[in-house]
Amino acid sequence: MAKRVYQAWKGKNKFLLGGRLISGPDARSLFITVSLIVVPVVIFCVFVARNLLHKFPAYNSGCAVLIVAIAFTIHVLVLLLMTSTRDPGIVPRASHPPEEEFSYDTRTEIGGRHTPSLTFPRIKEVMVNGMLVKVKYCDTCMIYRPPRCSHCSICNNCVERFDHHCPWVGQCIGQRNYRYFFLFVSSSTLLCIYVFAMCALYIKFLMDGDYPTVWKAMKKSPASVVLMIYCFVALWFVGGLTGFHLYLIGTNQTTYENFRYRGDNRVSAYNRGFLNNFIDVLCTEIKPSRINLRAYVQDETARPPPASRTRDVEEEPASSPRVKVEDDLEIGGDLLKISRRRNYEEVDEEMGGRNSNELHGALSESELMVGSDTQVPVIRSDVKNSSWGRRSGSWDLSPGVLAASSSATEGDMPSQKSTR
């Protein structure tokens with residue numbers, strides 16, 4: 001049975017509801033975040049908001065304190081789930097490197113000669129808003145990352161407009177969920193302020209009643225004191241985070257860009273002005289996901305060779321390093337076929353043996369080698385000891401053949417002199 005995309009996923013993400021929801025590998029931290037929100041709100045509703053129901057007799061508006069707290073909490077939890085279970089803008093992986101970027105580098109030197117190697121550029125430059133921006137090649141995803149895209153080492157995915165990986169939501173923050181992340185953080189800040197204010201108001205009501213001092217009022221409602229301390233500490237975190245991201249939105253930066261290029265003092269190609277930056281981040285339509293996790297995995301079809309590479313091979317001169325390498329490989333293949341074609345008895349017969357017939361065959365063969373202008377290589381029985389190199393096709397001769405060759409040469413010299 002064919003697998004779906006989320007079942008054959010190469011990243012470290014976790015999936016829910018048959019691939020309909022996606023989260024990071026640290027999705028368990030989401031339960032901690034939910035408990036840090038829900039538990040204080042439950043304490044507030046039970047020990048504080050319930051006692052404020054009758055403190056606003058006009059239109060019985062004391063119920064609004066409890067309703068607002070519950071509605072605000074649900075709003076924050078929905079934003080948290082939308083941030084943590086939504087595709088942050090993952091760029092699909094490629095099954096092979098981009099062949100249209102391949103080129104032959106002849107500067108590589110191996111064994112004292114220049115050998116062409118297949119390379120492609122690691123960095124490219126693209127034009128963004130009239131400025132050149134560098135994009136890098138990702139070895140894991142085998143793609144050139146789009147501008148503002150970065151590879152998350154935790155999720156093992158390339159994410160568009162990568163901001164950071166948030167352990168509190170268990171997900172990468174990118175192009176498709178940054179808006180919900182900012183709304184979650186800012187709404188959490190407002191919820192902390194609301195709970196802190198209502199607890200302080202309840203302490204004020206107690207002081208106006210039977211508990212005139214602060215100490216007595218705090219002893220009457222210790223839950224209010226604990227919640228005020230908790231909200232004060234949380235405000236330093238979520239409040240500071242909200243302020244920092246307001247600055248990033250106003251300058252159209254990401255957290256990754258701010259920390260990495262802080263000391264460069266270069267002009268951003270994405271800054272369109274304060275108001276336009278806010279509209280761009282918070283008001284524009286979110287792009288659709290580039291991955292379909294519910295789709296079935298399709299087998300790749302055979303890819304034809306690129307036309308550009310074929311044309312380069314046809315137009316390549318015969319003296320190029322690549323042609324030389326191919327010629328050497330063809331010569332080596334021919335010699336290997338010759339060595340395999342002959343059995344061991346024929347090799348021994350050609351190379352010379354102990355009997356006279358074998359020696360005579362070796363002498364006649366050596367005479368052919370001496371008498372002719374072109375030398376015919378003689379193959380030894382021990383092919384493993386051949387010293388055929390990359391530049392030439394020379395072979396080693398056995399000592400018996402060399403001795404027979406020298407004697408035959410000496411015998412031919414008197415006959416040549418008599419002829420003259």
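Predicted model: local features only at pLDDT ≥ 70, side-chain atom pairs only at ≥ 80, totals over all residues.

A residue counts as buried when its relative accessible area is under 20%. The closest N and O atoms of Arg 290 and Glu 160 are 3.4 Å apart, and the two residues, 130 apart, link the loop between H7 and helix H8 (307-314) with the loop between strand S11 (157-159) and S12.

A search of the whole structure gives 5 salt bridges, among them the one between Arg 148 and Glu 257, with an N to O distance of 2.9 Å. Arg 148 sits in the loop between S9 and strand S10 (150-152) and Glu 257 in helix H6, so this pair ties together parts that are 109 residues apart in sequence; both residues are buried.

## Helix H5

Helix H5 has 30 residues and spans 43 Å from its first C-alpha to its last, close to the expected 44 Å, although H5 bends by about 35 degrees at Leu 235. Its buried residues include Ala 223, Cys 231, Val 238 and Ile 249, and among the elements that cover the buried residues of H5 are H1, helix H3 (178-208) and helix H7 (274-282). Just after H5, Asn 252 adopts a positive phi of about 55 degrees.

## Nonpolar patch

Ile 32, Leu 36, Trp 168, Tyr 230 and Phe 237 make a nonpolar surface patch of about 470 Å², to which helix H1 (29-47) and helix H5 (222-251) each give two or more residues. Trp 168 is placed in the loop between strand S12 (164-166) and strand S13 (171-173), and is partly exposed, with a relative accessible area of 40%.

Key: Residues numbered from 1 in each chain as written. Heavy atoms only, no water. Patch = residues over 30% accessible without salt bridge, like charges linked within 9 Å, V, L, I, M, F, W, Y side chains within 5 Å. Areas by Shrake-Rupley, 256 points an atom, 1.4 Å probe, with all protein chains shown as cover. Salt bridge = Lys/Arg side-chain N within 4 Å of Asp/Glu carboxyl O. Helix = DSSP H or I, 4+ residues; strand = E, 2+ residues; numbered from the N terminus. Buried < 20%, exposed > 50% of the residue type's maximum accessible area, 1.4 Å probe, protein only. Expected span 1.5 Å × (residues − 1). Bend = angle between axes of the 7 residues up to and from the residue. Contact = heavy atoms within 4.5 Å.
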